[in-house]
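User: Please show me the structure, and then help me to read it step by step.

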Amino acid sequence: MATKIFKHIQTSVVPLPIENIDTDQIIPARFLKATTREGFGNNLFRDWRFDNDGNPKQDFVLNNPTYSGKILVAGKNFGCGSSREHAAWALADYGFDAVVSSFFADIFKGNALNNGLLPVQVSDDFLKKLFEVIDADPHAVIEIDLVDQFIKIVATGEQESFEVNPYKKACMTNGYDDIDYILSKKELVEEFEAAK
Amino acid sequence: MGQTLFDKIWDAHVVSSNEGFPDILYIDTHFIHEVTSPQAFDGLRNRGLPVFRPQQTVATADHNVPTWDQHLPIKEELSRYQVDMLTKNCAEFGIELYGLGHPFQGIVHVIGPELGITRPGGTYVCGDSHTSTHGAFGAIAFGIGTSQVEQVMATQCLLQSRPKRMKIEVNGKLQNGVGAKDIILYIISKISAAGGTGYAVEYAGDTISGLSMEGRMTICNMSIEMGARCGLIAPDETTINYVKGREFAPKGEEWDKAVAYWQTLYSDEDADFDSVLSFKAEDIEPMITYGTNPGMGIGVTQHVPETASFEAKEQGSYKKALDYMGLHDDEQLLGKPIDYVFIGSCTNSRIEDLRQVAEFVKGRHKADNVTVWVVPGSKQVQEQAIREGLDKIFDAAGFPLREPGCSACLGMNEDKIPAGKYCVSTSNRNFEGRQGPNSRTFLASPLTAAASAITGVVTDIRTFLKEEELV
């Protein structure tokens, strides 16, 4: 089945300079009771974003109208903890197309790639620079190109290349799906089982 | 060049390996539960696909279930709906379900091993990050997202790139009162919550091989808390004796054949690891966490680190964690009043954990300021505890034995720690809000949790053990 295609974006960004953001913060467990993939964006960062009565917390970046955009820029070890794919669904459902950090947790990275949400891993220095640029200009525009694998601060032209698994890159830029790929090799799976 | 244990198992499960592509890895058993499976079943329906190997798929209800009055319908509507959905999906796709009321029901990472489904040399996945637990048997086991749950349902395979290999050795004699949970909390405190990311971690050394299977499962369970893809321990006599005779363990000739294979499962002496770390058992104190990720742990007698001891860019996150926990720089946790004690979760809810706690609390009673929940990992653990009379010891101590489920580890059911309250918990995560909105978690071993329940404050179990020696 075709999935969302991602090749290139150019947008303002939302900064979240906190390290070790775990998937329990991205989407708390009590919101995992849904049985569909939709609607998780409403509860993205729920307990950082809303108080116990459901009122927006003014000091949280998603409630600050100064910041908007399709890229979330976050501190290192983003997405650690629980394997819940709901975290990737919540970020994508809210409207993010990419997350930039200096380090991603393994399972989150895989889940994001399976949902057309691009995890872009940059150096510590580039991440620091991004936060400084956003601090100086909240509307600073960032360009991410998956085809040529670079991230660029548009105003200054400073850029860095990033790694992505070539197979997952092909999936994201063409909308391919893992299940279709394995099903195309089904004979090999059956041969493997027969030989066991 | 010799091979690592991990590579031997991986290579035995590669269906297809192509340059530039992840390997297609065959999965022996797929465990599923109510929370991360419904969207995968929907995906199969949308594609018009069956579950490819339903007999290699095992389901249970654990994350959402109440741990009291399980014979009654689930009160919470969304939880009930999700559990009902699992029942319907399993019936439609021909999957065996150990649901509520079934004698095999329980936390997915407790039932797999206790039923003899988890075995050395196998590959196991589940839409739950603590699937790393099963690696204690010398197996490759890891958590996956729901798209991958659908992938395994559709193909019994998973696309995976081979991770790097790390060996973590622990050698020496543990202090009295220090156990598997302290070992793993210590390791994570040393290498951080991201220190294992990208690696399959093999635990080795005489301290590790001296642990029971329950202890080994506690260690492997928390591999994900240092970011590792999986954790594993070479199978030995302890492993083989544990598996033998269990419900779904091989029998007769099949058993002999299996054991002969399992005995080949170890890292060769000249095997190449990408990273090797060594720790001394003697250096490990009873551990406790003070922060909001499992890497933020200290020996129970130590003080919370000072903000200034961190690099400037890390100080903001550190201060946020301390503020959340209501702690300050250099504070000592020892003697700090607590409100709740949770003994349970896929980390520490097995019969050995309950026996250890019961032995300690026998003849003692919890402090008035503390609420204690003991949640067995499975129906079989619960029944065994009752057969051994542990429930009576727990009752007398004010530690009611509840019914099996994930419970207050993640607070998806009613078992939530209230806002602002402190809980000494034997579970695996101290993230903000993990045990309930604004709850505050101190992760520790079952013995530390039990001792703290008795005194009502964070306690060094060794002070009790010393008193006992004097008597």
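User: How many residues of chain A are in contact with chain B, and how many of chain B take part?

Analyst: This is a predicted model in which local features need pLDDT of at least 70 and side-chain atom pairs count only at pLDDT 80 or more, while totals for chains, interfaces and linings use all residues. Residues are numbered from 1 along each chain as its sequence is written, chains are lettered from A in the order in which they are written, and side-chain values use heavy atoms, with hydrogens and water left out. With contact taken as heavy atoms within 4.5 Å, chain A contributes 56 residues and chain B 68.

User: What area is buried between chain A and chain B?

Analyst: Buried area is the accessible area (1.4 Å probe) that two parts lose on being put together, summed over both. Carbon and sulfur atoms give 57% of the area between chain A and chain B, which is about 5000 Å².

User: Which residue of chain B meets A:Arg37 in a salt bridge?

Analyst: A salt bridge is a side-chain nitrogen of Lys or Arg within 4 Å of a carboxyl oxygen of Asp or Glu, and 10 of them are counted between chain A and chain B. For A:Arg37, the N to O distance is 3.6 Å, and the partner is B:Glu150.

User: Which side chain joins that of A:Glu143 in a polar contact of 2.8 Å?

Analyst: A:Glu143 lies in strand 5 (residues 141–145) of chain A, a strand being a DSSP run of E with at least two residues, numbered from the N terminus. A polar contact is a pair of N or O atoms within 3.5 Å; within protein, one must be able to donate a hydrogen and the other to accept it, and residues adjacent in sequence count only if both atoms are side-chain atoms. The partner of A:Glu143 at 2.8 Å is A:His8.

Note on methods. Helix = DSSP H or I, 4+ residues; strand = E, 2+ residues; numbered from the N terminus.
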